[in-house]
Amino acid sequence: MDATWYLKRLASMSPTEVVHRTEDAARRRLWRSRPPAPPTVRDRPTVVVNPIDPGPMVAPQARDRLLVAADELLAGRWSQFGRLRTDMTADLDYFADAVNGVRAPDDAFSLTIDHRDEAAVGNIKSVWEPARHQHLTVLAAAYALSGDDRYPERIEAELQHYWRTNPFLSGIHWTSGIELGIRLISWTWIRRLLDGWSGAPALFEDNPSFVDQLGRHHQWLASLGSHGSSANNHVIAEAAGQFVASSTFPLFRESGAWQAEAADELARELAAQTFPEGLNRELASDYHGFVLELGLVALVEAVLLDHPVRQSLLDPIGRAFDALHAVVDVAGQPHRQGDSDDANGWLVDPVTYHRWGSLLATAALVVEPAPWWHRPAESAPDAPALAPAPARTAPAPAAADVRTGIVAACLAGRHEPTRPNGRPLTRPALFPNAGLSLLRAPGDADADLDELWCVFDHGPHGYLSTAAHAHADALAVEIRSGGVEVVADPGTYCYHGERAWRDHFRSTAAHATIAVDDRDQSDIAGPFLWTRKAEATLEEHQGLTALGPDSPPVAVSAASHDGYEPLGLTHHRRVTLRRHDRSVTLVDRLEAVGDGPGRPLSVQLTLPLGPGVEIELEPGAGGDSPAPAATLRWKRRGGEGAGRASVTLDPGLAWDVLCGSESQRAGWSSPHFGTRVPAAVIVGRTPAARPGAAYTTVITFLPSSPEGS
């Protein structure tokens with residue numbers, strides 16, 4: 001990073017954080033010249049494994065899927081960020097970047113390696129991901145469900161190889177605390193799931209290599225953990241790792257202190273990073289799931305130990321489960337807001353499992369189900385069935401995924417689901433603190449109509465002073481039909497390396513909102529740093545009530561943001577969903593502020609479409625004439641025929657459709673981290689906006705048509 005970035009990053013810190021980081025830098029220099037002594041091992045250390053038998057709790061189909069994935073992994077095949085890797089063997093080169101072939105440093109002093117420098121370390125996410133050892137927790141789960149010794153034998157070979165090639169403070173895998181925290185979670189659960197294997201003690205607590213690695217991980221996190229403006233999901237991952245590992249492996253004199261400090265930090269940070277209505281404060285949907293999984297694995301550990309922190313964790317976790325049940329579409333998928341790097345907080349299933357379906361099902365094991373929760377009957381046929389809420393006196397049904405079965409085995413007889421504080425009586429559709437409105441119309445099978453689902457973003461720009469995982473997407477919408485993305489969020493694609501693409505995917509122009517003067521609403525200052533941030537204000541809402549016979553025919557949400565006030569304008573958007581004619585209307589206005597713009601300003605209205613949506617301009621459109629309308633078509637999710645919608649476009653803008661443009665960086669969607677695929681985007685532009693002018697877009701959803709018609 002250049003000097004400008006460092007100055008802007010410094011400006012985002014409080015004086016206390018500056019002092020802390022100065023001390024942190026001094027410690028790093030000291031460790032280079034004089035590494036600290038290892039933690040002191042207790043005279044007669046013991047482990048607290050709390051073994052479980054998840055077999056009866058896991059459905060046969062979930063077990064079979066797991067064993068297929070485990071056998072593929074034994075053959076070296078594993079999916080990472082949506083791409084198949086064939087080099088995942090026991091002697092895996094943990095420093096090789098599978099994306100571009102660069103090899104990260106393996107013997108350099110770790111605290112001087114710049115992990116942001118792709119030329120030096122490669123695609124750092126690709127390098128770090130296998131070292132989280134979550135693929136090995138999958139093998140451990142396969143052993144727990146099969147008793148097949150091939151799985152622990154492979155785990156043993158790979159872990160011994162990893163520990164041997166990654167000594168303390170040597171190489172890229174000692175550079176980031178979140179990686180250490182997740183690794184501790186993986187090692188803890190590998191040990192627990194392998195408890196029936198005779199070689200488990202020799203691999204873990206009786207193994208000097210493991211004991212040294214375990215102590216050094218704790219030592220690193222206790223001394224160099226995240227803090228200040230970096231205390232987002234990273235600090236929760238670090239604390240969760242320390243809590244579960246120090247609880248299961250209390251091998252050191254310092255273990256009690258590490259456990260206590262991690263428990264306090266978990267309770268404090270989960271509460272701080274959760275809005276009152278349950279959404280995560282980073283306002284990045286996948287990080288809601290990531291943090292929820294980290295909270296869940298810590299809660300399970302606390303329940304197994306009967307540790308008092310369980311009560312402090314239950315409330316934010318319960319509210320997060322409620323929020324997830326509230327926002328998902330008919331297919332059990334939440335909105336796609338902010339950054340995503342496909343991270344898992346706790347993985348014991350094949351990576352292709354229905355992550356959100358798993359969390360929705362697990363919720364009923366942790367908190368008392370609400371009458372308005374998302375139900376299996378609402379799920380599309382190709383989505384895994386969600387376990388219904390268990391009756392208090394009946395045994396829980398076998399889980400459709402492995403992790404839910406494991407949680408059930410851990411909590412059985414130890415935990416009674418409770419109701420979160422302040423739970424709403426009906427399914428919420430407005431999240432005022434998080435700045436999210438949900439406008440919905442139910443599906444009608446008799447009329448061959450799918451659920452209409454629209455999310456409107458009018459919330460804060462990210463979390464903490466850096467807003468690290470935010471996108472410049474104020475007043476953006478996502479619209480789905482039957483769980484299919486029609487007007488879509490573009491995703492993330494990358495973090496480091498391809499800076500121009502990193503900036504594009506979080507830009508205003510990439511989202512379903514309005515960009516003025518080809519500028520972002522908020523100012524990008526680095527890959528995870530924003531300076532000036534747009535502030536949105538909810539202006540009106542009506543009809544955002546639970547669906548039912550008495551639901552109003554119209555739902556409305558209106559808001560504005562001040563991101564373009566430096567240009568003399570504010571952007572106002574009103575979103576209206578009419579349930580009777582199944583339409584969504586967007587009305588955008590740019591109002592003058594003060595003396596207004598001092599010069600003509602261009603305006604771009606963007607409607608990014610989902611990757612599977614086809615667009616056809618109406619007859620008479622194209623050429624030098626703007627397209628007044630378009631027709632959209634897509635394959636229905638789990639149903640016959642094609643979904644359809646007509647789009648009426650405002651004549652005050654000149655319209656075009658782009659798809660997969662490299663030169664303009666337009667028409668792309670990122671379904672997985674590190675992957676981008678062409679997806680059409682409808683773009684309307686005018687070179688000179690008139691303050692006060694309104695631009696109206698109407699999307700009307702039609703009954704499905706036979707495929708190919």
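**Entry 1. Serine 669**

I looked up the contacts of serine 669 and, leaving aside neighbours within four places in sequence, found Arg336, Pro490, Phe505, Pro611, Thr675, Arg676, Val677 and Ala679. I take contact as heavy atoms within 4.5 Å. This is a predicted model, in which local features need pLDDT of at least 70 and side-chain atom pairs count only at pLDDT 80 or more, while totals for chains, interfaces and linings use all residues. Residues are numbered from 1 along each chain as its sequence is written, and side-chain values use heavy atoms, with hydrogens and water left out.

Serine 669 is found in strand 20. For elements I use DSSP runs numbered from the N terminus: helices are H or I with at least four residues, strands are E with at least two. At 3% relative accessibility, serine 669 counts as buried. My classes are buried under 20% relative accessible area, exposed over 50%, and partly exposed in between, with a 1.4 Å probe and protein chains only. I also checked serine 669 against leucine 658: the two are 11 residues apart in sequence and 12 Å apart in space, C-alpha to C-alpha.

**Entry 2. Positive phi**

Most residues other than glycine have a negative phi. I noted two residues with a positive value.

Arginine 665 has a phi of about 50 degrees, although it is not a glycine. Arginine 665 lies in the loop between strand 19 (654–658) and strand 20, and at 32% relative accessibility it is partly exposed.

Aspartate 517 has a phi near 60 degrees. I place aspartate 517 in the loop between strand 8 (514–516) and strand 9 (524–526). Its relative accessible area is 17%, so aspartate 517 is buried.

**Entry 3. Aromatic rings**

I found 21 aromatic pairs in the structure. Rings of Phe, Tyr and Trp (its six-membered ring) pair if their centres lie within 6.5 Å; planes under 30 degrees apart are stacked, over 60 edge-to-face, and the rest tilted.

Why is the pair of phenylalanine 81 and phenylalanine 673 edge-to-face? The ring centres of phenylalanine 81 and phenylalanine 673 are 5.3 Å apart and their planes stand at 65 degrees, so the pair gets that label. The pair links distant parts of the chain, 592 residues apart. Phenylalanine 81 is in the loop between strand 1 (78–80) and strand 2 (83–85), and phenylalanine 673 in the loop between strand 20 (668–669) and strand 21 (677–678). Both phenylalanine 81 and phenylalanine 673 are buried.

Phenylalanine 168 and tryptophan 174 also form an edge-to-face pair, at 5.2 Å centre to centre and 85 degrees between the planes. Phenylalanine 168 is buried at a relative accessible area of 15%; tryptophan 174 is buried at 1%.

I recorded a cluster too: ring pairs link Trp163, Trp187, Phe204, Phe210 and Phe249.

**Entry 4. Charges over rings**

I count a charge as sitting over a ring if NZ of Lys or CZ of Arg is within 6 Å of the ring centre and within 35 degrees of the ring normal. The charged end of arginine 676 sits over the ring of tryptophan 668, 4.6 Å from its centre. Arginine 676 is also among the contacts of serine 669. The charged end of arginine 502 sits over the ring of phenylalanine 528, 4.9 Å from its centre.

**Entry 5. Second largest pocket**

What is the volume of the second largest pocket? I read about 1200 Å³ for the second largest pocket. Grid points are joined across faces, edges and corners, and a volume is the space filled by probe spheres set on the points. The grid has 1 Å spacing over the protein atoms alone with a 1.4 Å probe; a pocket is an open set with protein on both sides within 12 Å along at least five of seven lines, and lining residues have an atom within 4 Å of a point.

The pocket has 47 lining residues, and Asp286, Gln333, Asp342, Pro671 and His672 lie nearest its centre. Strand 1, helix 6 (134–146), helix 13 (285–305), helix 15 and strand 7 (484–487) each give two or more residues to this lining. Strand 1 gives the most, with 3 residues.

**Entry 6. Asparagine 344**

Asparagine 344 is in the loop between helix 14 (309–327) and helix 15 (355–366). Asparagine 344 is buried, with a relative accessible area of 10%. Not counting residues up to four places away in sequence, asparagine 344 touches Gln134, Ile182, Phe290, Glu293, Tyr353 and Arg355.
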